[in-house]
Amino acid sequence: MFPEAMTIRQIAEQIGAAVDGDETLSVRGIAALPEAGEGDLTFAAEEKHLLALARCGASAAIVARDAAVPSGWTRPLLRVASVPLAIGRLLAFLAGPEDLPPAGMAPSAVADPSAQIAPDAAIGANVTIGPRAVVGTGSALCAGVRLGADVHVGKACVLQEGVVVRHQCHLGDRVRVGPNSVIGADGFGYVYCDGAQQKIPHAGNVVIEDDVELGACVCVDRAKWGSTRIAADAKIGPGSLLAAQVGIAGSTKVGPFATFGGKAGVRDNVEIIGGAVIGACTCVAQSVTTDRPQMGFPSRDAKQFLKQQRALAELPELLQRVKRLERRASPSGDSPAKTSTEP
Amino acid sequence: MFPEAMTIRQIAEQIGAAVDGDETLSVRGIAALPEAGEGDLTFAAEEKHLLALARCGASAAIVARDAAVPSGWTRPLLRVASVPLAIGRLLAFLAGPEDLPPAGMAPSAVADPSAQIAPDAAIGANVTIGPRAVVGTGSALCAGVRLGADVHVGKACVLQEGVVVRHQCHLGDRVRVGPNSVIGADGFGYVYCDGAQQKIPHAGNVVIEDDVELGACVCVDRAKWGSTRIAADAKIGPGSLLAAQVGIAGSTKVGPFATFGGKAGVRDNVEIIGGAVIGACTCVAQSVTTDRPQMGFPSRDAKQFLKQQRALAELPELLQRVKRLERRASPSGDSPAKTSTEP
Amino acid sequence: MFPEAMTIRQIAEQIGAAVDGDETLSVRGIAALPEAGEGDLTFAAEEKHLLALARCGASAAIVARDAAVPSGWTRPLLRVASVPLAIGRLLAFLAGPEDLPPAGMAPSAVADPSAQIAPDAAIGANVTIGPRAVVGTGSALCAGVRLGADVHVGKACVLQEGVVVRHQCHLGDRVRVGPNSVIGADGFGYVYCDGAQQKIPHAGNVVIEDDVELGACVCVDRAKWGSTRIAADAKIGPGSLLAAQVGIAGSTKVGPFATFGGKAGVRDNVEIIGGAVIGACTCVAQSVTTDRPQMGFPSRDAKQFLKQQRALAELPELLQRVKRLERRASPSGDSPAKTSTEP
C-alpha cells in the first residue's frame with residue numbers, strides 16, 4: 001500500500017514516535033488489527049486492543065506512549081502520545097498534497113468582472129463565478145464549480161468538482177464541500193391558491209460557518225427568508241460534518257459540531273443542537289435537542305430505535321402468541337382477536 | 001434581513017395591503033410568529049394564530065382582510081385578501097430578479113449546429129447542447145447544463161447549474177429543474193443469461209409535462225420503452241413537485257399535482273395518481289391510488305405509519321408483558337413463549 | 001413508439017425469430033402484456049404468461065421457441081430461444097447508437113500533458129483530465145466529466161455527463177457510470193483531539209473492477225488506506241450493479257455480481273459478498289454474507305422485513321388486545337400494563 005516500503009525509522013520520523021525494537025525493519029502498508037499480516041504496520045488505539053496485537057501477524061505496531069508490551073510480542077513498537085493522531089499524520093504523509101488546481105485562474109474559468117477573487121485562490125477549469133461573488137485567500141474551486149451572484153467563499157475553503165453554490169449564500173473560512181453538492185437551491189414552498197400551486201420565491205440564503213465539512217452530493221436548501229444555517233465550530237478543527245448525500249431542507253439551523261451520517265435528511269424549519277449525532281439514513285422530522293445519537297424514520301434515540309427493530313423481528317411470532325392467549329382466555333370459542341381486528 | 005429597513009407603507013404597496021395604524025413605522029425583516037421580535041414584520045395566516053399575535057413582540061403583522069384585531073395589539077396591521085400570497089409577493093420583491101444567465105449564448109457554451117435554440121433563450125457558460133435539441137423561447141440553461149441529442153426543452157423553463165438531460169427526453173413549458181439533477185439516465189434493466197447479466201438497452205425516454213418543478217439532485221430514470229412520465233398540471237401554476245434528492249425509477253407515471261418530499265423514492269413501473277402526496281424519505285414500492293399522504297418503507301398511509309411507529313416504541317415492553325401473561329396462563333412452568341419463539 | 005411502424009418480418013430479422021403467421025403485418029410499438037392493445041407487439045417471457053396472451057389485444061407476440069400456441073390466439077407469433085434477450089436486441093435496435101461524444105478530444109476539453117489518452121477515446125466538451133491520468137481505448141467521457149490526478153479508466157468505459165473521479169481511483173474495463181456520480185470523495189473520518197475534530201486524510205482510493213455499472217448520482221467514497229472496492233464479474237457482462245443514488249462508504253468491499261436498488265446505502269468498512277441483493281432504500285449497517293435479498297433499516301432478510309412490516313400494521317391493535325388480556329388476568333383491578341409501561 002505504501003508507494004514503496006518504509007523503514008520503522010522513516011515512519012517514526014513522520015509521526016514523532018519513540019521506537020522499541022529494530023528501526024531498520026521495513027513495512028509495506030497499514031492494516032487494521034484483525035487483517036494485519038506479515039509486512040503490515042498495525043495499531044492499537046485502545047488498551048483493550050493490546051491483547052489482539054500479540055495474536056496478529058503484523059510486522060510492527062503503533063501504540064500509546066505508556067502501553068504495556070503485550071506478552072509474546074517481539075516486533076517493533078512505535079510509541080506515540082495519541083494513536084489516532086499518529087495514524088492521521090502518517091496518512092497525511094502518504095496522501096501527499098491535495099489534488100487541487102494551481103493558484104490563479106484556469107484559462108477556461110469565467111468570472112464576472114465585479115467578482116473579488118484573492119490572487120492566490122486556485123480557480124480550476126470551467127469554473128464560473130457570478131457578479132459580486134467573493135473568493136477568499138487560499139481557497140480552491142475545483143473544476144466545474146459554479147458560484148452564483150453575491151456568493152461569499154471565505155479563506156482556505158475547498159470546493160470540489162461540480163459544486164454549485166447559488167446566489168447570496170455565504171461560506172465561512174476553511175469550509176470543505178464534496179463533489180457535486182448543491183448549496184442554496186430553492187426550498188420547497190408553495191401556496192395553493194385559485195386552483196393552482198403558486199411558487200413562493202426564496203428570498204433567504206444558506207450560511208455555512210467556519211470549519212464545516214460537507215461530503216459528496218449533499219444538498220442544503222435555502223430559506224424562504226433568513227438563513228438555513230450550519231454553525232461553526234467555536235474551536236479549531238472541522239465544525240459540523242455532513243457525510244455524502246445528506247439533505248438539509250430550508251430554514252433549518254444546525255449547531256456547531258453536529259455530525260450527520262450518509263443519506264441523513266432533515267426537514268425544514270427545525271433546529272439541530274450543537275453536538276447532535278444524526279445516524280446514516282436517518283430522517284429527522286423534528287428539532288433535535290439532545291446529543292444522544294438519533295436514528296430511524298422518523299428519527300428517535302438510536303439505542304431505542306435499534307432495540308425496537310430487534311423487537312420488531314419478534315412481532316410476527318408475538319401476534320400468534322397473543323392469539324393463543326386469547327383463545328385460552330375465551331375457551332367458549334368466541335374470538336376477541338377476530339372481532340377486534342377490524343380496521 | 002431586508003437589505004435596508006422598509007416602512008409599512010412601502011410594504012403595503014408591494015403586497016397591495018390596506019394599513020391599520022402608523023404607515024411610517026419601519027421594520028427590518030420577516031419572522032414567523034413564535035420568533036418575531038422588535039423590528040420584525042410577522043403574519044397570521046389563519047384565524048387561530050391571531051391570539052398568538054397579541055403575545056408576540058413583532059412590530060407589525062400581515063393579517064386577512066376581515067381578521068379581528070387581537071385584544072392588546074396596538075401595532076400596525078397590513079390587511080390582505082390572502083396572507084400566503086402576500087408573503088409570496090413580498091418575498092418575490094425581496095428576492096429580486098432570478099440569478100440567470102443573460103439572453104443569448106455564453107461564449108463558452110457549445111451547441112451542435114443542428115440544435116434549434118430560441119434567440120432569447122439564456123444559455124450559460126459551459127453549457128453543451130446536442131444534435132437536434134430544441135430550447136424554447138424564454139428558457140434559461142444555467143452554467144454547465146448538458147442536453148443530449150434530440151432533447152426538447154419547452155418555453156420559459158429554468159434548468160439550474162449542472163442539470164443533465166439525456167437524449168430524447170422531453171420537457172414541457174415552465175418546467176424548473178434544480179442543480180445537478182439528472183433526467184433520463186438508464187433505468188435498471190438486466191437479463192441474466194449464459195451465466196452473465198446482459199444490459200437491456202433503454203429505448204424509452206422521460207417526459208416531464210408543463211409546470212413541473214424538480215429540486216436539486218433529483219434523478220428521473222428513462223423507460224426501457226415508452227416513457228417515464230411526470231404529468232402536467234391541467235391548470236395554472238406548478239404541476240408535480242419533487243423536492244431535493246427524489247428518485248423516480250424507469251417507466252413510472254406520476255399524475256398532475258403530485259408532491260414528493262425530499263429523498264422520496266419511487267420504484268419502476270408503477271403509477272402515482274394526480275394529487276398524491278409522498279412524504280420525505282418515503283420509499284414507494286407499489287402504485288399509489290389515493291390522495292391521502294403516504295409515508296414509510298414500504299410506503300403506506302402516513303397516519304397509519306406514524307401510529308405504527310408510536311406503537312413500535314411500546315413493543316419491547318409489550319414482549320415482556322406477553323411473557324408475563326403466558327407465565328400466568330401456564331403456572332405449571334412450561335413456557336409457551338420459549339417453545340414458540342424458534343425461528 | 002417505434003419511429004415508424006415495423007413489419008413482423010423486419011422485427012424477426014432484428015431478433016432472429018421464426019415467425020408463425022403473417023409476416024407482412026405491421027406493429028407500432030412494444031407493450032407489456034396487461035396494457036398491450038391493437039397495433040402493439042407484446043411478449044410472454046414465461047409459460048404462465050401464455051394464458052394472458054390469449055386475452056390481450058396485442059397484434060403480435062414474442063414467445064419462446066417451444067411455447068404452445070395459446071388457445072384463441074390467431075395473430076403472428078415470433079419464436080425465439082430467449083424472450084428477454086430478444087427484447088433486449090429489439091430495444092438495442094430501437095435505441096440506436098449510444099449518445100456519446102465523437103472519438104478524439106473536444107476543443108473545450110482540457111487534459112494535463114502528462115495524461116495518457118487512447119487516440120480513439122471520446123472526450124466530450126468541458127471534460128478535464130488530471131496529471132498522469134489514463135483513459136483506455138474505446139472509452140467515452142461525456143461532457144463535463146472530471147478525472148483527478150493518477151486516475152485510471154480502462155477500455156470501453158462510459159462515464160456519463162458530470163461524473164467526478166477523484167485522484168488515484170481505478171476503473172477497470174467496460175465500467176459504466178451514470179451522470180453526476182462521484183467516485184473517490186473523502187470518506188468520513190475524524191479524530192476528536194484537543195477539543196476539536198481533526199480530519200483524517202484519506203490516503204486510500206476506490207477500485208471499480210471490470211464490467212461494473214453505476215447509476216446516476218451514485219457516491220462511492222475512498223478508503224482512508226487501501227481501497228473501497230466494487231468487484232469485477234469473473235464472466236462476461238456487467239458485474240455489480242448500483243442503481244441511482246446509491247452510496248457506498250469508505251473501505252467497504254463489494255463482491256462480483258452484487259446488485260443495489262436505488263437509494264441503497266452501505267456503511268464503511270463492511271463486506272458485501274458476491275451475488276448479494278440489496279433492496280432499494282435499504283441501509284446496510286453490517287457485512288452481508290448471504291445472497292438472500294436484504295431490505296430495511298438496518299438491513300435484514302427482505303422476506304422477514306416485509307413480514308415484520310405487515311405485522312407492524314397490526315401492532316397498534318395488538319397493544320389494545322394485550323391490555324384486555326391483562327385486565328382479564330387481573331380482575332382485582334390492578335393494572336399490570338400500567339405499572340409496567342414506565343419508560
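**Glycines, helices and cysteines**

Mentor: Start with B:G16, which counts as partly exposed at 47% relative accessibility. For the cut-offs, buried is under 20% relative accessible area, exposed is over 50% and partly exposed is in between, with a 1.4 Å probe and protein chains only.

Trainee: Before we go on, what sort of model is this?

Mentor: It's a predicted model, where local features need pLDDT of at least 70 and side-chain atom pairs count only at pLDDT 80 or more, while totals for chains, interfaces and linings use all residues. Residues are numbered from 1 along each chain as its sequence is written, chains are lettered from A and ligands numbered from 1 in the order in which they are written, and side-chain values use heavy atoms, leaving out hydrogens and water.

Trainee: OK, back to B:G16. Where does B:G16 lie?

Mentor: In the loop between α1 and β2 (18-20) of chain B. B:G16 follows α1(B) and has a positive phi, near 65°.

Trainee: And what does B:G16 touch, leaving out residues up to four places away in sequence?

Mentor: B:R79 and B:V80, where contact means heavy atoms within 4.5 Å. B:V80 is 64 residues from B:G16 in sequence, yet the C-alpha atoms are 6.9 Å apart.

Trainee: Now the helix before it. Which residues of α1 in chain B are buried?

Mentor: In α1(B), residues 8-15, they are B:I8, B:I11, B:A12 and B:I15. These cover an arc of only 100° around the axis, which puts them on the same side of α1(B). The arc is taken from the directions from the helix axis to the C-beta atoms.

Trainee: Why would that spacing give one side?

Mentor: An α-helix has 3.6 residues a turn, so residues three or four places apart point the same way.

Trainee: And which ones are buried in α1 of chain A?

Mentor: A:I8, A:I11, A:A12 and A:I15, again in a helix spanning residues 8-15. Their arc is within 100°, so they line one face of α1(A). Just after α1(A) comes A:G16, with a positive phi of about 65°.

Trainee: Switching to the α4 helices: at what angle do α4(A) and α4(C) pack?

Mentor: About 35°, with the axes 9 Å apart, and each helix runs over residues 302-329. The axes are lines fitted to C-alpha atoms over the stretch in contact, and the angle, between N-to-C directions, can run from 0 to 180 degrees. The crossing is left-handed, meaning the near helix is turned anticlockwise from the far one by less than a right angle; clockwise would be right-handed.

Trainee: Which residues make the contact?

Mentor: Among them are A:L312, A:L315, A:L319 and A:V322 of α4(A), and C:L312, C:L315, C:L318 and C:R321 of α4(C). By class, the contact has 15 nonpolar, two polar and six charged residues. Ala, Val, Leu, Ile, Met, Phe, Trp, Tyr, Cys and Pro count as nonpolar, Asp, Glu, Lys and Arg as charged, and the others, Gly among them, as polar.

Trainee: And how far apart are the axes of α4(A) and α4(B)?

Mentor: 9 Å, at an angle of about 35°. α4(A) passes α4(B) in a left-handed crossing.

Trainee: On to the cysteines. How many disulfides does the structure hold?

Mentor: Zero, over all chains, a disulfide being a pair of cysteine sulfur atoms within 2.5 Å. B:C157, for one, has its nearest cysteine sulfur 12 Å away, in B:C142. B:C157 is also buried, at 1% relative accessibility.

Trainee: What about B:C219: buried or exposed?

Mentor: Buried, with a relative accessible area of 2%. Its sulfur is 3.5 Å from the closest cysteine sulfur, that of C:C217, which is too far for a bond.

Trainee: Which residue type aside, what is phi of B:C281 near?

Mentor: Near 60°, a positive value in a residue other than glycine. B:C281 is in the loop between β34 (277-278) and β35 (283-284) of chain B, and is buried at 19%.

Trainee: Last one: what is the peptide bond from B:F297 to B:P298?

Mentor: It's cis, with omega near -10°. The bond from C:F297 to C:P298 is cis too, with omega near -5°.

Methods. Helices (H or I, at least four residues) and strands (E, at least two) are DSSP runs, numbered from the N terminus.
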